[in-house]
Every structure is written in C-alpha cells, then in structure tokens.
Amino acid sequence: MKHFLKVVLFSLIIIGFFAGFANFGIPKIEPAPPPRAEKIDLDSMTMEQFIALGDKLYNGKGTCTLCHNSLGRAPMLDQVGSVVPERLADPRYEGEARHIEGYLYESMVKPSAYVVAGFGKAGSSYTESPMPDVTGGSIGFSEAEIMAVIAYLQEIGGVEVTVTIPTDAPAAEEPKSDQNVARAAINTPQEIITHFGCHACHKVEGAGGELGPDLSHIGSQRDSAYIRRALLDPNAEIAEGFAPMMPPIYGDQMYARELESLVSYLAGLK
Amino acid sequence: MTNYLVPFVIAFVVCGLIFLGLDVGIMKLQGLSLIFQP
Amino acid sequence: MIETQIFYSGVSMAQARKTKPGRIILLLALFVFIAPLLLPDLAGSVAFAAEASATEANQAASITLAPPLLSESDYPRIRGVNSRVTVWLAAQLHLWFAAFVLAVPIFVFIIEAIGMARGDKRYDDMAYEFIKVSITAYSITAILGGLLLFSLVLFYPQVLQYLSGVFKESMFYYALLFFAESACLYIYYYGWHWLQGGTKKWVHLTIGLMLNAVGTLLMFLANAWVTFMMSPAGVDPAGVFSGDSWAAMHNFLWNPINLHRVIANIAYGGSIVGAYAAYKFLSSSSKEQRAHYDWMGYNANFIAIAALLPLPFAGYYLTAEIYAYSQQMGITLMGGVFAWLFIIQAVLIGTLFLSANYYLWCGMGRSDGAVRYNKYIKYLAIVIVGAFLVWFTPHTLILTNAELKGLGGPYHKYLGPLGIMPAKNTAVNIMILFTSLSFLFYRRANKIPTVSWAKTGNAIQVALFSAGILNLLFLGIYHGYFTNTVYKVAASIPQVLTTLIIIVVSSVIDAMMYKNSKEVAALNWGRVPDRSQYALFLLAVSFTWLMGLMGYIRSGIRQHWHVTNVFRDNSVDAFTPTLGYAANVVSIGVIIFMLLVIFVFWLSAVSARKTETAGYWKEQMR
C-alpha cells in the first residue's frame with residue numbers, strides 16, 4: 001500500500017508539473033475567436049476607411065502575415081510599386097494581369113498563375129504555390145474584402161490606389177479591371193508620370209528609383225523616336241547595364257494623346 | 001597507440017567522405033545544392 | 001472438476017521448434033495479412049477498384065453528399081454536460097487504450113518469436129504475462145469506443161452523418177472486423193498453454209500475427225476518418241462528396257499518421273508495461289520476484305526506447321505533410337497560435353529522453369564490470385541535457401514592452417535561431433544519438449571483447465560517431481544560420497539519415513566485436529536502486545501526457561472546422577481554447593486513464609487470488 005501511494009503521489013506531481021508549466025510557464029495566448037462574417041457598409045465608406053478595412057483584414061482574417069513576413073516563407077508585400085512591374089515583365093509570367101491591381105487580384109485568387117522564384121512548393125518543380133485561393137474556405141474573402149486588401153497594399157507600397165470601392169449590390173464576380181471602364185484622360189506629363197508609377201524605376205527631375213535609366217536629361221541623350229519606342233516596346237532595346245524589367249503595358253494603357261504628351265516632355269528634358 | 005590512431009584517422013576520413021556524399025546526394029535529390037545558392 | 005488436457009509433442013525440442021508446416025502457415029499469413037498493411041496504398045486501390053467495378057455493374061450510383069451549414073441551435077446539448085470536453089475525453093481515453101492494446105500484441109509476438117528461436121521458456125512466460133495483464137484492457141478500449149460513438153451521435157449528429165456518408169464502406173467493415181479481432185485475441189490468449197510445441201506453436205504464433213494484422217487494419221481505417229477531417233480529399237472545394245471513398249481515405253495525412261501511430265504505439269505500450277513491471281518490482285517480496293520484474297522492466301524499457309528513437313522522424317514527416325497540404329495550416333501549427341504548444345512538447349520529450357537514459361545508467365550497476373564506463377556517463381548527461389535545453393528554447397521570448405524595446409524585437413540576437421527547426425533538429429538528432437550511445441555502453445558494460453581487432457573496432461566507432469556528429473552540426477549550423485527556409489527544411493533529411501546510419505552501423509560493429517565475448521561479472525538482475533523504477537513511472541506518465549497533448553493539437557489544428565475548410569463548426573464550443581485550458585483537460589484525462597489502468601492491472605492480480613472458505617457451501621457442511 002505504501003508503494004502504491006508513493007507511486008500515485010509521484011504521478012500526480014509529474015502531471016501537476018506539466019499542467020503548471022502549460023498554464024504558467026508560457027505566455028497566456030488567447031487564440032482569436034472563430035471568424036464571423038461581418039457586415040461591411042460599403043456605400044458610406046471613404047477610401048481611407050476602405051484602406052483601413054484592408055489593413056484589418058490583412059492582419060486578421062486574411063492570415064496574410066502568417067506567411068508574408070521576414071522569415072522567408074512568402075514574398076514581402078510592402079513594395080508592390082517596384083516589385084509588381086518586374087513580375088509582369090518576367091518572361092515566365094503567363095498570367096492575365098496587366099497592371100498592379102490586376103496582378104494583386106490574380107495573386108490572391110489564382111496564386112499558382114505565377115509563382116515567384118524560390119517560393120513554390122517543393123516537389124512541384126516550383127510551379128505550384130503553397131498559397132490558398134483567398135475566396136476558399138481557409139480564408140473566405142468576399143470580393144469587397146479582396147479589393148480592400150489590394151487598396152491597402154497599394155497604399156503601403158506608395159503607389160496610386162487604383163481600386164474603387166465596390167457597391168453593396170451583388171455584382172457579377174468579375175475582376176475589377178481598368179480596361180472595362182474608360183478612365184478620364186490625364187492632361188499633364190507630370191500627372192501621367194505619377195499615374196503610371198514611372199518613379200518606381202526611373203529618376204525624373206531628381207526623384208525616383210534606380211532600376212531603370214535616369215531620365216532627368218534623357219532629351220539630350222535620345223530622340224523622340226527612341227523614347228516613343230521605349231514606351232511602346234521596351235524590350236526592343238535595353239539600355240546598357242540595365243535588366244529587361246520595364247513592363248510592355250503602356251501601349252495598351254496610355255491614350256494616344258497622353259503618349260505623345262509624355263514623349264515630347266521627355267524629349268525636352270535636356 | 002598507432003594501432004588506434006591510424007585506423008581512427010582512416011575511418012574518420014572515410015566516414016566523413018561518406019557523410020559528405022550523403023549530404024550532397026540528398027540535397028541534389030531535392031533539387032538543391034549543398035552550398036546555399038540564393 | 002475440469003480436466004486440464006495436456007498435450008505432448010513427440011518430437012525433439014529443436015525439431016519441434018522448426019517444423020515445416022508451421023513455418024509455411026506463418027509465411028502464408030505473412031503475405032495475406034501483413035503485406036497489405038505495408039502497402040496500404042496498393043491494397044486500398046485494389047480493394048476499391050474491385051468494389052467500384054462491382055457497383056458500376058449493378059447500378060449507376062451517383063452520390064452527392066454536401067456538408068450542411070449549421071448554426072448553434074443545430075447542436076443538441078445536455079444540461080450540465082460540455083459536449084466538446086465529453087467527446088475530447090472519450091476520444092483521448094479510447095486512443096490511450098487503443099494504443100496500448102495495439103502495442104502489446106506487437107511485442108508479445110516478437111518476444112514469443114524470440115523465445116521460440118532461442119528455446120528459452122522465460123521469454124514465452126514473459127510474453128504470456130504481458131498479454132494476461134492487458135487482457136481486460138481490450139474491453140475497456142471497446143467501451144470507450146462505444147462512449148465516443150454515443151457522444152458523437154448525441155452531440156454532433158450532422159458531423160457523424162456527413163462522415164459516415166463519406167466512409168460508409170470502411171465503417172461497416174470496421175465494425176465487422178471486431179469479430180476477427182476478438183477471435184484472434186481470445187484464441188491467442190486462452191489457447192496459449194494448449195497451442196504449445198511443434199506445429200501448434202507455429203499456429204499460435206500465426207494467430208498472434210493475425211491479431212496484429214487485424215488490429216493494425218482497424219487503426220488504419222479509423223485513421224482515415226480522422227485525417228480526412230484534417231486534410232480532406234475526394235471532395236470538391238465546397239465539401240461535396242461524390243463517391244470516391246478511396247480518395248477520401250487516401251488523403252495527405254493518412255500514411256504519415258499510420259506510420260507515426262504504429263511506431264508511437266510500440267513506444268507507448270513499452271512504457272506502460274514498464275510501469276507495471278516497475279510497480280511489481282517495488283512491491284515484490286522475494287529476490288526472485290525482484291529479479292524477474294527488473295528483467296521485465298528492462299525489456300519493456302528497451303522496447304519503448306527502440307521505438308522512441310525513430311519517432312521524432314515520423315513526427316517530422318507528419319508535420320511536413322501538413323505543410324504540403326496547407327502551408328497556412330502548417331505555419332499556424334508551428335509558427336502561429338499553436339507554436340507554444342510545441343515548447344511544452346519539447347519539455348515532455350526531453351523528460352522522456354532523460355528518464356529513459358537515467359534508467360539505463362542506473363541499470364549499469366547490475367554488473368560489476370560497468371564501473372569502467374562510469375566516467376563517461378557524466379559527459380553523456382551533459383550532452384543530453386544541453387541538447388534538451390536547445391530543443392526547449394523558444395523562438396519568441398516572453399518580454400514586457402520595455403524589454404521588447406530594449407532588445408529591438410521579440411527574438412534574442414544569438415539564441416533566437418535556436419528556436420527554429422534547424423537547431424531543434426540538430427538537438428533531437430544528438431539526443432537520439434547519445435541515447436543509443438547509452439545503450440551501447442550498457443550492452444558492453446559487463447563484457448570484454450575477445451576478437452583480435454577490438455582496438456581498431458573502437459577506433460572505428462569513435463571515428464563514426466565524431467564524423468557523424470560533425471556532419472550533424474555542419475548541417476544544423478550552416479543551413480540553419482546561413483541559408484533560406486527551403487534549404488533549412490531540406491537539410492533535415494541528411495541529418496536524419498546520418499543519425500540512423502550511425503545507429504545501425506555502430507550496432508552492427510559492436511555486435512561483431514562482442515561475439516564470443518567474455519563476461520567480466522554476472523548481470524545481477526534485481527540489483528538496481530528503487531529510484532530507477534521511478535524513472536520508468538516518469539516515462540509512462542510523461543508518455544501518456546504527451547499523447548494527450550498531441551491528441552489535442554491534432555484536433556485543435558482544425559480550429560473552427562469539423563472538416564477543414566469545407567464543413568464549418570458553428571457550435572458554441574468552436575473556439576480554440578488556451579493552451580492552459582487544454583493542458584488541464586489533458587491532465588484530467590491522464591488521471592482518469594491512470595485509474596483505469598490501475599484497475600486493469602489489479603484485475604489481473606485478483607484473477608489469481610483464491611479464498612478458502614469453510615462452512616460456506618452446503619457440500620462443505622456434510
């Protein structure tokens with residue numbers, strides 16, 4: 001009997017130690033409650049509120065930061081402005097997007113359309129993405145929620161937020177695309193440069209990136225024919241020392257008047 | 001002493017080479033190299 | 001009075017053990033029953049193909065079974081009863097007992113075979129004792145299974161309806177298979193003394209093999225249902241099932257869990273039997289009893305450790321498949337809200353390795369020759385404790401806001417990387433390696449080699465271990481600190497293989513080196529301190545608690561889903577509880593389990609008791 005009691009006491013102490021460690025030895029983390037479908041009042045939302053919604057979803061229901069962080073499981077999402085044009089220009093890219101918004105949308109609903117090198121599933125020769133379709137069960141985003149996250153990513157990436165807030169009316173599940181809606185023409189060259197995000201790769205009038213040639217004095221280096229061709233068919237001739245990264249999309253996206261306005265502006269930068 | 005040291009050194013080198021070969025082989029099977037190539 | 005029929009075998013002992021018909025029976029049983037278990041994929045696809053063609057021939061069966069969208073009121077409740085905890089405890093208790101009753105036949109079979117091969121009756125007696133002690137556990141396993149099924153019917157009827165719709169064939173045959181299991185078990189146990197000698201012994205061994213095969217098959221079927229809930233297959237993204245039962249069964253996690261559970265069951269069963277032997281050792285009344293139970297405890301511990309060594313690799317493979325199914329699920333498991341659970345797991349595994357090794361080191365005192373190896377033990381202890389500390393280091397530190405600011409983040413600059421898998425893989429490989437080294441020392445303890453190449457052999461052993469350990473450290477440090485995630489994960493495979501190669505090769509070299517060796521001093525079974533037996537209790541309790549914790553994580557990773565991503569859990573209990581709460585439920589489960597196990601062991605002792613009465617029966621009063 002003595003041994004029985006000793007063994008029972010010993011066992012209870014061990015169990016108590018493990019339970020105690022689990023209760024007091026580790027941080028008390030309260031797991032998030034199961035997600036509930038939230039009613040979003042889209043009609044009365046401002047763009048700022050919409051972007052804030054995107055922030056909340058990105059860090060919450062979307063579980064985006066689970067993988068998209070500095071530990072290396074998924075690409076970082078804070079530089080969409082400079083990164084997305086590179087992706088679109090990649091010869092491996094076979095998706096259907098033409099600009100940042102379209103690319104982000106495609107990445108969220110069809111992640112395997114284009115898998116960034118090094119981030120694919122092992123054993124799929126890196127052509128299959130481990131990211132789930134965000135409209136599926138594991139994340140369960142609605143169309144409006146997807147657009148909110150895109151708006152947020154564009155905002156933190158420092159590019160123009162091209163998303164428009166969807167209406168509450170049940171719409172057909174079409175990806176939002178600028179190509180279906182005629183946008184207003186842009187009048188000044190500076191506004192054209194801002195709208196198409198040229199600063200992401202090029203220095204113009206002192207400010208901008210270094211992925212592409214400095215355009216501050218391009219007028220004294222190249223003529224208008226060259227500049228026009230560079231905009232319409234960038235890969236026809238790559239400037240020495242630079243990678244073929246400029247997206248061949250501006251011929252589709254710019255209105256003819258905008259193209260000419262930009263060409264003459266750049267040719268005038270001597 | 002020598003009949004301990006000599007077999008030790010030989011065995012160490014042989015085992016080392018076998019393990020190195022194993023490492024390279026297994027990493028290669030997974031589509032990677034032994035030394036990190038970003 | 002019932003006559004006990006004694007059968008004699010008329011042939012010589014050696015001949016009796018090696019009868020031809022007996023061996024043929026066993027080989028046949030091996031192919032018919034065991035091969036399908038080793039190739040569940042092949043067997044399953046053949047079975048389902050046969051069935052599919054039969055169905056097609058009969059009817060154009062079109063099934064569309066969709067998971068319902070439930071609301072809180074769809075879940076029946078009984079006042080005062082927490083549905084989730086009921087199902088949780090019923091499932092966990094069932095699993096503990098099922099693991100035990102699957103494990104015992106595995107080593108009873110092996111021990112009986114060893115006894116037959118060596119002609120040593122002690123092994124046969126020990127095997128019989130193991131199965132005698134555990135016989136009532138089978139009933140309790142079935143009772144708990146019934147309780148689990150009832151609680152699912154009562155509290156989660158639609159879940160059961162959906163799952164039984166997907167798995168109707170396997171559930172039906174699962175139920176029928178219990179007839180086969182009971183038949184094999186009862187003939188194996190009750191026929192033990194009848195089926196002795198010659199062909200009969202082979203027949204007995206074959207029945208033992210069949211018992212194992214049926215039990216393992218039952219587990220594989222149940223594993224399919226539970227893994228389907230975690231990583232569904234054979235259903236479309238909305239969860240609609242259209243009849244492909246084989247695809248549903250053969251989901252991502254089925255084989256990894258099959259492998260993990262077979263190995264873990266063996267380790268677990270060994271630890272429970274070890275606890276039984278430890279208790280009987282402490283309460284034994286004679287030197288012979290002490291010696292007998294010491295020997296039994298040693299064998300049980302050997303089985304537990306032998307299965308414990310490959311277990312981390314099976315667990316790693318399981319987790320890798322979780323990541324392959326859904327990276328989101330994998331990261332939630334190990335880097336998200338469940339990450340701290342694995343620190344608790346680390347503490348438990350460290351306890352297992354430390355207590356198993358401590359038992360071995362205490363056991364070295366059985367022989368006077370072991371004194372030679374005493375000086376090395378402290379180094380083994382230092383390395384194993386050091387590896388445990390690395391194993392248990394978390395990635396994220398528990399810090400106040402001020403400390404966070406001071407450190408510049410939640411990770412320690414140098415110790416932080418010890419919290420991610422490459423360091424932990426290195427640590428666990430080292431723990432496993434040094435545990436097998438403890439074994440090597442223990443086996444050598446009271447022997448002197450007589451082969452001419454003993455010195456060279458030792459040199460080779462040292463070279464093998466040092467080259468291997470350097471390789472482990474290289475793979476862990478270089479790939480852990482200086483590469484990216486893909487390389488880090490990939491480097492774990494050569495690490496595993498290095499450890500396994502060292503264990504196998506060193507065992508072979510040692511076996512060859514100590515052939516015909518001289519005994520320095522006799523092995524005194526029974527000459528161990530009492531505290532070594534407490535190491536066996538620690539092993540059993542820790543194992544049980546660890547299994548409970550892992551049972552929680554297996555179910556908890558589904559979070560608010562009945563079937564991941566397709567069948568949503570909308571009950572009031574759908575929330576993921578805190579780890580503290582889970583640990584408390586697991587602890588209660590462990591206590592209930594221990595009480596039931598004590599009952600099982602007490603019953604086997606009670607069955608041998610006899611009370612002589614006088615003047616009770618009318619025959620006695622004539």
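**Figure 1. Chain A as a whole.** Of the 270 residues of chain A, 29% are buried (20 or more other C-beta atoms within 10 Å of the residue's own; exposed means 12 or fewer, partly exposed in between; C-beta atoms are placed from the backbone). This is a predicted model, in which local features need pLDDT of at least 70 and side-chain atom pairs count only at pLDDT 80 or more, while totals for chains, interfaces and linings use all residues. Residues are numbered from 1 along each chain as its sequence is written, and chains are lettered from A and ligands numbered from 1 in the order in which they are written. The C-alpha trace of chain A spans about 100 × 45 × 35 Å along its principal axes. Its radius of gyration is 26 Å, whereas a compact globule of 270 residues would have one near 18 Å (taken over C-alpha atoms; the globule rule is 2.2 Å times the number of residues to the power 0.38).

**Figure 2. Elements of chain A.** Chain A has ten helices and two strands (DSSP runs numbered from the N terminus: H or I of at least four residues for helices, E of at least two for strands). From the N terminus, their order is α-α-α-α-α-α-β-β-α-α-α-α.

**Figure 3. A:Thr63 in its loop.** A:Thr63 is in the loop between α2 (47-59) and α3 (80-89) of chain A. A:Thr63 is not a glycine, yet has a positive phi of about 50 degrees. This residue counts as buried because it has 21 C-beta neighbours inside 10 Å.

**Figure 4. Contact of chain C with chain A.** Chain C gives 42 residues to the contact and chain A gives 33 residues (two residues are in contact if their C-beta atoms, placed from the backbone, lie within 7 Å). On the side of chain C that touches chain A, elements giving two or more residues include α10 (254-282), α19 (485-513) and α21 (579-606) of chain C. The largest share, eight residues, comes from α21(C). This side of chain C divides into 26 nonpolar, 16 polar and no charged residues (nonpolar: Ala, Val, Leu, Ile, Met, Phe, Trp, Tyr, Cys and Pro; charged: Asp, Glu, Lys and Arg; polar: the others, Gly among them).

**Figure 5. C:Asn565 in its loop.** C:Asn565 lies in the loop between β3 (561-563) and β4 (567-568) of chain C. Its phi is positive, about 65 degrees, although C:Asn565 is not a glycine. With 22 C-beta neighbours inside 10 Å, C:Asn565 counts as buried.
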